[in-house]
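Subject: Structure handover, aromatic rings

Hello,

Here is the structure for you to look at. My notes on its aromatic rings follow below.

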Amino acid sequence: MKRWLFTHNLIDIPHPVVKSFLELKSTIESIGIEAGLFGYDNFRSLLPGFTDDQLEDLIGVAVYSKIDTERLPENVNLIIKRVMASIDSSEANVRDVTIPPRDKLDYNDVPARWRANITMNLVHADTVKAIIGSDERAPDGMPRFMKHRYLELKAQGFDAGAILGFLHEKLAGYINEFDGRYEAATAIVAALFEACIIFEDKETTLEAEAVP
């Protein structure tokens, strides 16, 4: 053995523990073994150096997802929570399902799975638009946030299916489809697709307009 660490999850270490550790440390180092403490702060200091896959393996997908979605702008997270609550409410303002123009789906080469997702979730479009507002230039609004993410992904050459998946994942995190946040994120993506905040309608523009 070259090194021994007393590992703990305590914020403040009680005096008896510190005293016992120091006694052990003296004994261990007397035989040439390095001794030390490894606690909460040490653990946190290592996390920034981990890859996404290492973090997921270490702390689990649910915890990692929570950390990821908490990094979203505060207003974006608030909108998602409001859409979740509205979808769950019996008083939600829904409409009959409409179908986006087929030429828009074709023009953007949207894959079949996402065509179905967008079409089904347009039942919530009026509710989503009422919550997020229509000003895509609002500094911390959902339309502006998603427009920027869309343009970034498009510029990197991702296809429509990958872009829709990344945008949805950004809002929903890594959660299963039965979670309310998953459904709310899908409804938001569908509404913004229909409104041309993300993806273009070939009859109006061939290039996405950048948001100042």
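A residue counts as buried under 20% relative accessible area, as exposed over 50%, and as partly exposed in between (1.4 Å probe, protein chains only). This is a predicted model, in which local features need pLDDT of at least 70 and side-chain atom pairs count only at pLDDT 80 or more, while totals for chains, interfaces and linings use all residues. Residues are numbered from 1 along each chain as its sequence is written, and side-chain values use heavy atoms, with hydrogens and water left out.

Rings of Phe, Tyr and Trp (its six-membered ring) pair if their centres lie within 6.5 Å; planes under 30 degrees apart are called stacked, over 60 edge-to-face, and the rest tilted. That rule gives four aromatic pairs. One of them is stacked, because the rings of Trp4 and Phe21 have centres 6.3 Å apart and planes at 20°. Trp4 is in strand E1 (residues 3–7) and Phe21 in helix H1 (residues 15–30), so this pair ties together parts 17 residues apart in sequence. Helices (H or I, at least four residues) and strands (E, at least two) are DSSP runs, numbered from the N terminus. Trp4 is partly exposed, at 24% relative accessibility, and Phe21 is buried, at 7%.

Phe193 and Phe199 make a tilted pair, with 5.6 Å between centres and 50° between planes. Both of these residues, Phe193 and Phe199, are buried. Ring pairs join Tyr150, Phe193 and Phe199 in a cluster.

A charge sits over a ring if NZ of Lys or CZ of Arg is within 6 Å of the ring centre and within 35 degrees of the ring normal. Lys104 lies over the face of Phe193, 4.4 Å from the ring centre. The charged end of Arg149 sits over the ring of Phe145, at 4.9 Å from its centre.

Regards
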